[in-house]
Structure formats: C-alpha cells, structure tokens
Amino acid sequence: MRIPILMPQLGASIAEATIKEIKIEVGQTVKTDEGVLEVETEKAMMEVTTPCPGKVVEVLAEIDVSYPVGSTLGYLEVDDSIAEKINIDPSEVQNPEPDKVSSNIKTEDDSASDSGALQTTSEDPNNPEVTPTIRGLPVPARASGATYISPRLRARMQELGLNAADLAGIAGTGAGGRVTVEDFESFMFDLETKKTSAASSMRIAVADSMRRSWTRPLATVGSPVCLENLLSHRKESSPKPGPTLYAIRALAIALSERTATAGRLVGNQIIHPSSIDIGFAVEVDDGVLVPVIRNVDQIPLKDLVEQYSALVESAKKRRLPKEASTPPGIATVTNFGSFGIVWATPIPLPEQNLVLGLGRGQQKPHWDAETSSWKPAIEAELTLSFDHRILDGGGAGRLLTRIAELLQRPSDL
Amino acid sequence: MAKSANQNQEPIGKLSTIVVDTYRWMVLARTFEDRISNIYRAGKIVGGVYVGKGQEAFSASLASQLVKGQDIYSPLIRDMAGRAAFGEPLIDAARTYLGSAQGPTIGRDGNVHRGNSQEGMPTMISHLGAMISVVNGMLFARRLRKKLNTAVGAACIGDGATSTGAFHEALNMAAVEKLPLIISIANNQFAYSTPTDKQFACNELVDRAAGYGVNGININGTDLIECIEGFEKAISLARAGKGPQIVVGNLLRLSGHGEHDDSPYVSDELRSSDLGQDCLLKAKDRIIEESWCTEKECNDIQEQATIEVNTAIAQAESEKGPNPYSHDWNAYSSPSFRK
Amino acid sequence: MSISYLEAIREAQSLALENDKNVFIYGQDVGAFGGAFKATKDLFQKHPDRVIDSPISEDAMVGLAVGAAIEGMRPIIEMQFADFSSVGFNQIVNQAATLYWRTAVSCPITIRLPSGGTPGSGPFHSQCMETIYAHYPGTIVMTPATVEDAYSMLLEAIAIDDPVIFCEHKYLYYHLKSDSLPKQTLPAKSARIVRSGRHATVVTYSAMLHEALRAADNMKTDGYEIEVVDLRCIKPIDMGTVLGSIARTGRVLAIGEAFPWGGVTSEIISRVSSEGFNLLDAPPARLNSIDTPIPYHPDLWRYHRPTASSVEEELRKLIRE
C-alpha cells in the first residue's frame, strides 16, 4: 500500500519549512525513523524521518521550495499490515500545493458560509475588494515584532510628543524585538543625563515635515549647467532677477510641458497638479520657510521680480501672506549655493514630489571645440530630488535637461 | 350619591346601595374606555389598548366591597371598573394612557400598567399570573408583622392565566399558607383567540379549586346582583380565615382582545347567547325595575361619568410627556448605587 | 477559632434577623432542617416565625418576596441551587428588578444563589448565573470570594434597598475558612486588589480568585509578579480599580467560571478596550469555562473550568506577547 511522507509539525508556531536536502531516491529501501529530507524552518534545520520501513516510490519535494505542514513530500510503498499499524488513511492526505488563504471566513454558524453568503472575494481584478483574513496571521500582526508599538507605548510617546523616528535608536527587548515600555523608559531616563536644549517650534515643524517626506523612496539626479548666459542677461536687467528666480521660471515651464512629473501618487492614481505653483526655500532662524508663487508658467520673468523680492522680505520676517502658503506649491526650488554649497540632495516637501537644487557658481574650464582650448565659464550643479514612485531616472533626467536647456536662453523665460 | 325616587317603599337596603354604587363605577369605566378606544383609533395613543367591555359588573363588584387602606386589590387588564371602584383616581388612568409625565409611571410604563402599591393596589406586569404571588407576599408580610387583622387580598385574572405556572405556584402557596387571598377569574371564554376548551380540560374552571384545597364559587358574570352576592360571600369567608377563595365569573368578552383585534373567532351564536349579554344594560334594567333609581337618575349617572371622563382626558392631554434629556435614567433606589 | 464561608453566611443572616424584625428567610428546607447546605442551621430555633419553609415554587417565592418588600419587609430568598432560580427568572428580572423604576417603590429583596461547580454536581447543580441577572437593569449582583466578604457583603446586601442577587460559591462553603469575621469592611461595590504585581493583571471573582492566586504564586518562581483583582461585586463593576491596575501592568486576563458567551469577562474586556485602550501592551485576554453544559464526571469537570494551571498557561501567553 502507498503511504505519504508528510511534512511534520516541527514546532508550535511553525507553519511551513523549506527543503534543503533530499536524501532519498526512487527505488530506495528505507527503515523506520530514517532521515529522508533536511528542511529549514524559521528557527532551525530539522530532519524529516520515515514512519515505518518501506520502499520509496515517489519523491515530490523540490530543493529550496517551501511546503506547509501536512503536505505530501513523497510516497512509500509499504506492507499493508505495517500501514494498518501506523494508522494512516491516504485519503486524508493533502496535496502538495501551498494552502490558499481562505476567503470564506468559517464561523460557528457554518450554514451561512456554506450557502456562499459570506463569500468575499471579487471576481473583478480591476476592482479588487479587500478580503481580510483575521485568524492565523503570523506574529507581527498580533502583539510583537520590532515595528509593533502597543497602545500603551504609543500613549506614552504622545504624552511626550515623540514619534517612531525619535525611537529609531532604541533596541527593543520585547517579543520579536519590539520596544517595550521599559526599554522606552530607560531610554528616556538616559536622556536626562545628557545636555539638552529646547527645540524651537520651527525646528519641530521641519522635523515632522522631513520625517513624513522620507516615508517615500527618494532619489536624486544631477547635472552641471552653464550660467554665462544667465549672468549676462541678469547684468542687463533692471530690476535684477535673482538666480533662483531664473530656476523657478525654468522649472515652471518645464513642468507645464509635462504635468504628470509633478503629480501625486495616491493608491494607483496619479493626481495631476491644477496650476503650476512653485515654492522657493528661504532660510529663517532655525528653519526654512517656502513661499509660493502661483501660475509661474504664465508670468514672464521680469514680471515676477517684484513679487519674488517682496516674498523674500516677508519670509525673512516670518510673515508670509496666506496666498503665499496655502495651498502648497507643486514643486520647490532651493538655492543652497548661496551658502557656498556646490552640491546637495535636498528632500522634497511631503506634499510635493520634486525639489530642484541650485549649487554655487564656480569657474570651470569648458572645452571650446572651435579654438581647441579650455575656456573658463561659470557653472553650477543642478540637482533634482524626486519621488521614485512617480519618476524614474530617465524621466527625472529629461526634466533636468530641459531645465538646463531653458536656462541657456534666459531672455525667453 | 343618588337618592332613590322610590319614596313609598322601605328605606333602601344595603344591597341596593352597593348595587347603585357599583353601577356608577361600571358606567364610569365603560364611558372612559369607549373614549380611550376612540382616541386610540384616532392614532393618539401609542401602544396597546385593552378594554373590559362586558366585564364591568364582575370587576367592579369585587372592588366595591373591598376597603381601601385595609385590603389589597391587584387589578389586571380588563379591570377599569374595579380600579375605579377601589378608588383609583380617574386622572391616573388618563395620564397613563396618554403618557403624561405626571402619571403614576412617568411614561416608563403605559396603559393598564399602573397602580399605587402603598395604597394597596400594586402595579401589574404583563406576565399573566405573576401578580398573585405579589398579593400573597403583601398579605404574608402583614401577617408576619401581626398587622393583617381581617384584611384580604384580591388578585384578578382571566381564564387564560389559569394555565400559567405562576398561577399554580401562587395559588398553591396561598393555600399552604392559608392566606386570605381571593382570586377573581373572569372567564370571558377566550384568551385572545384561544377558546376555553383549548385552555383547560376541566368541566368547569371552578373545579380547579378542589385540587388546591380551596373554596370555589361559580357565578354568572353578566348579572350584577349575582356578582355582588358572590364576592360578598368570598370576601367574608376570606376575612373569616377560611383560606384562599376562587371566584369564577362566566361571561363573554364583548371587545376584541385589544382594540386592534376585531375577534372574528367569536361566533355569532356565542354573541347572541345569554353569556353575551351586556352586564351594563342588564344592570340598568334591573336597577330601574327595582326602583333603586329612576331612568333620569341613571341618565344623570351617565352624564356625570361623561363629564368626569372628558375632564380627566382633557387634563391629561394638556400635560407634557417625559423629557428624555432631563429624565432620571437610574434604575436603583439605593443612594450609594445611583450614579 | 475558625469560621467557614458557609458559617459566615449563617452568621450574617443571624445578625440580620436579630437586628431587624423586617428580615425574614424563605426557601425550601430552610426552617427546622436548616437548609440544604445548613446555611440557616439553628436560625429557625431562634426566630421560628421568620425562617419559613416554602414549597418548590421559585416563581411564587420571588413574587412573595416582592409583595413583602412592597409592605416594607426585607426578605431573603434562599434558592436551593442557583440553577433552579431560572424557574423564578420572570419574577426576578421583570417584577423585582423593574419595581422601583416603574413604580418608585423600592424592592429590598436578597436572593441567595448557591452557585458554581463542585466535583460530580453535574449540569444542573453547578451553574454560575450572575451574567443573566446582571444583564437586566435594576439588579445588583454580588459574588464574594472570601469568608470575610461572604459575611460583610451579605449584611450589606440585606441592607440595600434594591434587589441583590447574592451568588455564593458552593465549593467555597466548606473548603474556605478564615480565622475571624471582619470588623472593618470594604463597601460591597468596591473591587479589591488581593495581590499586587507588575507584569499582568488578573481580574476575577468568586472561586476563580483562588485559582488565580495559585497561578500567581507559581509564576513567582519565574520572576513574574501577577496582580490579582477580586471584583467582589460584578454589577456594578468597579472599573476604577480595574483600570488603575492595568495602568500599572499593561496586560489583563479576565477569568470567570461561567460560560464563555458574554458575561463578566466579556464586560471587562469590552470596557477595558474602550476606556483603557492606551493602557494596553497586549490584546486583553479572557478565560472562561468551555462552551458546553457543565459535565458530571470529575475529570471532565476539572477540565471544563479554568484551573490554576490553565490560568497560568494563559498568563504566560499574555506576558510573552
């Protein structure tokens, strides 16, 4: 009679194991308790042994594949008398396919679910319904695991105005590595022995903003841009636009040509911006303000100068007019070159997915093909940080290239 | 109180006084319930209305012979006449039906679920038969305190309630304890739509008394005189310490089970039988025949009743119902448990 | 001197009969026989007019109590077993519990229910009925776990002007003894912290208190300190004490001997979840008997109800979360 070789229960919470070594082959004779497979569970390497003597007639297990507890990994041919003694009913054996998670939540009142009344899966792949599974979820969904913050811990943290980022440095000693209230309290206790100074509310606002922004995958592309044309245009302008304003205008035009690049990703939709509003960073005491100019794509550069200067003044006084901050813009320009920085990877504001950075202008040698010589030219690094869910390197690069292109013809801005 | 116009005969005996008094309560009850039924049909009463049409004589003649302040009277659903006879203010009835916040139950219970236990009339709950043991308890307590004297306690039920376990347990307990309990059973032939032959197998309902070791009296519930005499006997036996008395009044329910029911299950034959006679009309005829009152005096009684009923109902209608926001939502009386 | 839980109940009744002529006891076999469990032994001899035998009529017994209460007396109804009180269910929940609310007349009755399982008592002599009566507004439900509480809470129950369902645990009747009766007492509606701890709170009542304490003692050897709260009165529940305890420990296990659907443990879990969610380090847990009628065979019976070892198992799971 054929009897199955089953994946045994290898530990209280173990649900499956991966095959690491197959020690048998078809036709081989085996004894009772002979090791036939080596498997790896979450916790350890274990051996699967035979329930009785017999001959291997089928091996179904494959190396590096995971099988749930109770799956059939192979078959033995054994004497009927032996099979009877070990009490196996082959008809009760499960097939080796992994258990599908059931969408019919079986309750005590099975009559309802049998009639299909509780069927919750949807047939339409375009409109997937949520099919919650409640029971049998693995450990982190209950009350342990490194990312778990219990209601009690959360309440303590809220009392002190802390959030998960502030605790990043604590190693948890609780179940699954979670941070316990005791860990938290000794951490706080430790802090009391160190020198502290109060963080200003501006600092805290920026901290919160950056933390929220960082929940996205951000990347940066960079490209040098020649500033000669821009600088000569500037010399002849009156009033004189700041270099940042040139960048703001170039960015706006570039975005108006491809609005999706400044869109927001929500679920599986990209929300396009309704107007090209660009913000720019102004450093203030202990932080940054970002005034916003509206519809920049529709206003020529010379007409932006006055508004821009006024906003810079207001920002420095920390008194932005409401129209300049609400609603937020769709992208931001930051000129860290004014601090002398050549190159940086700025972080977009949490409600935006793009930030354009302008570095310090430097004299760089440019190869002049006509004269076959090096000529000096003022150049700066442009960096564009972006939310990699919405743009890839190519798209970001093209945007940056377009901006650099626009900056070569400042009179068209 | 009406004086008889009969000047040539003997001074009116005790019976006639009781008869005329009782008749007055019957008229009041009928007038009130007719009015309430009308209001109900106009949609102005929320919940059920159950009237005692046809049972007024049987109901009132028990209560009119009890003494408020001494005796205990536990009325049930079709005892408007008895309640009036025992001394329940009509305004209490009007207020309870119309949901006034000044009624005895402040809107917490309605229609016939009203009473005044401190005056010996406990408030019924809906479960039939359940009030009998409460009357037992009140009598039992008085006896324990040696304050029973010759008081009696009466509990009213219908034929249907005699099937309940509560009835059985309470009657048995009263019999064992030899309490001065009177159970008045209005056998109106139907419990909702269920006729008596589906309710009990005894020949006569009163036969049950023997099984409990108590006295049973069987009377024609449509005849006011017979009712008065029957209850008089029961009350005096109870007062004399003869233990529980069962009084069965045989009559017919002349209304639906409730005002929402038109009792199609009551046959015309039954309605036109002796059982189906209207005790009110019968009583009036007898009173006039005996010259205990003149026709005019009877009409005066009716007029008086109408005025009283209209006054009480107008009063109750003008009053506000309970305000859920300022209501005392507290089920305990103990101060330390009240929130 | 040693006094048992049962004797404490008898003493309380004796004192009540002595001090208040309005108190009387009514129940099957309570008179000369002294009651099925001897809770009224010798009381008939002292007060022959106020310790009265009743027929087997739980409905009429409670109705009689209500009538007597209306007249100003303070009846104590002894049900022979809690399980039989279901025959009087209607009178308890619809007559007694609603009397004050409907009529503004108090109903100061006390119904004593010999409750809970003992080996071999089977499905109809073992039930814990507190849940059913607590569900109805207007009742007060007490579940004393100690000799002292059996005494002082019964005295308080008799003095309270509302219907009190007094659930005495049969297993504790003779097994639980104390050195003396209390002089000072905690008000009946307060819960008591019987054992203080840090790692988890057990909330329980009646006989399960003792299982919880045994489990807590066992866990001490592994360095776990379990706080144990005895509810004492399960309607109303002293949530202040319960939440205060959980504020210290962050974990709660509610234990009851009663059936698992609904009941005291469900009530604790739901209140803790809504009022004390932010105190919790782990999901609130509960342990009740198995969801079947109570078995007769002692081995089945011991498996059916929570015991010190099943309590310990649940606690370890809770702490490991």
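Author: Start with one pair: Ala154(B) stands opposite Ile182(B) in strand S3(B). Strands here are DSSP runs of E of at least two residues, helices are runs of H or I of at least four, and both are numbered from the N terminus. The model is predicted: local features need pLDDT of at least 70, side-chain atom pairs count only at pLDDT 80 or more, and totals for chains, interfaces and linings use all residues. Residues are numbered from 1 along each chain as its sequence is written, chains are lettered from A and ligands numbered from 1 in the order in which they are written, and side-chain values use heavy atoms, with hydrogens and water left out.

S3(B) pairs with strand S2 (residues 153-158) of chain B in the parallel sense, over six bridges. Two strands pair if DSSP finds at least two bridges between them. From S2(B) the chain crosses through helix H6 (residues 165-176) of chain B to S3(B), in a right-handed β-α-β crossover. Right-handed means that, with the strands pointing away from the viewer, the path from the first strand over the helix to the second runs clockwise.

S3(B) also pairs with strand S7 (residues 245-250) of chain B, again parallel, over six bridges. There, Ile185(B) has Val248(B) as its bridge partner.

Now the side chains. Leu181(B), Ile183(B), Ile185(B) and Asn187(B) point one way from S3(B). Ile182(B), Ser184(B) and Ala186(B) point the other way. Buried means under 20% relative accessible area, exposed over 50%, partly exposed in between (1.4 Å probe, protein chains only). Seven of the seven residues of S3(B), residues 181-187, are buried, so the strand is largely enclosed by the rest of the structure.
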